[in-house]
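The following exercises concern one protein structure. Each task is followed by a solution in steps.

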Amino acid sequence: MKSPLMAFAGALLVTGVPATSQDIVVSAENAAVETISRDLDRNLLRADWPRRELVGEGIAMVRFQRGADGRPADVKLYRKSGQRSVDRRALVAVARLGRSNPLPAIGAPDQIFQANIVLANSHQAFADLSSQLAKLEQARLADPRERTVFAFNSAPRAAS
């Protein structure tokens, strides 16, 4: 039997949506966001973690750029979750993007991306963390320099 986190993971992990105070994204970029989000979700679900390891809950913000090979480059934590297992899982999932298909080119060649990854063990914890994430993103976007970062925010999906 799957652990509660793994059984609920489809509803808890990243779906890409540009931050609301950023510029409007054209349809080609919307499709790219969906592709990146599906790949990231798949990477989070397929992470090779021992079943006995408690993953924990939290919000990890991971920043990266698209390398010339279409893979993430300069992957690093922008904001730690407070749980090493959550941070590690988020970093590995982002680093594995672009393995099957190169990441789509979005924005400028040196575009910075931010994956806001929420891991939770229940619907209530996910709702609480999502509310916290919205506040964090609002505060981050108050800095005009941060508006150039292309962020993917968490959003619930139907559990699989």
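**Exercise 1.** State the order of the elements of the protein from the N terminus on.

*Solution.* The order is α-α-β-β-α-β-α-β, which comes to four helices and four strands. Here helices (H or I, at least four residues) and strands (E, at least two) are DSSP runs, numbered from the N terminus. The model is predicted: local features need pLDDT of at least 70, side-chain atom pairs count only at pLDDT 80 or more, and totals for chains, interfaces and linings use all residues. Residues are numbered from 1 along each chain as its sequence is written, and side-chain values use heavy atoms, with hydrogens and water left out.

**Exercise 2.** Determine how the rings of Phe64 and Phe113 are arranged.

*Solution.* Step 1: rings of Phe, Tyr and Trp (its six-membered ring) pair if their centres lie within 6.5 Å; planes under 30 degrees apart count as stacked, over 60 as edge-to-face and the rest as tilted. Step 2: the centres of Phe64 and Phe113 are 5.3 Å apart and the planes stand at 20 degrees, so this pair is stacked. Step 3: Phe64 belongs to strand S1 (residues 58-66) and Phe113 to strand S3 (residues 112-119), 49 residues apart.
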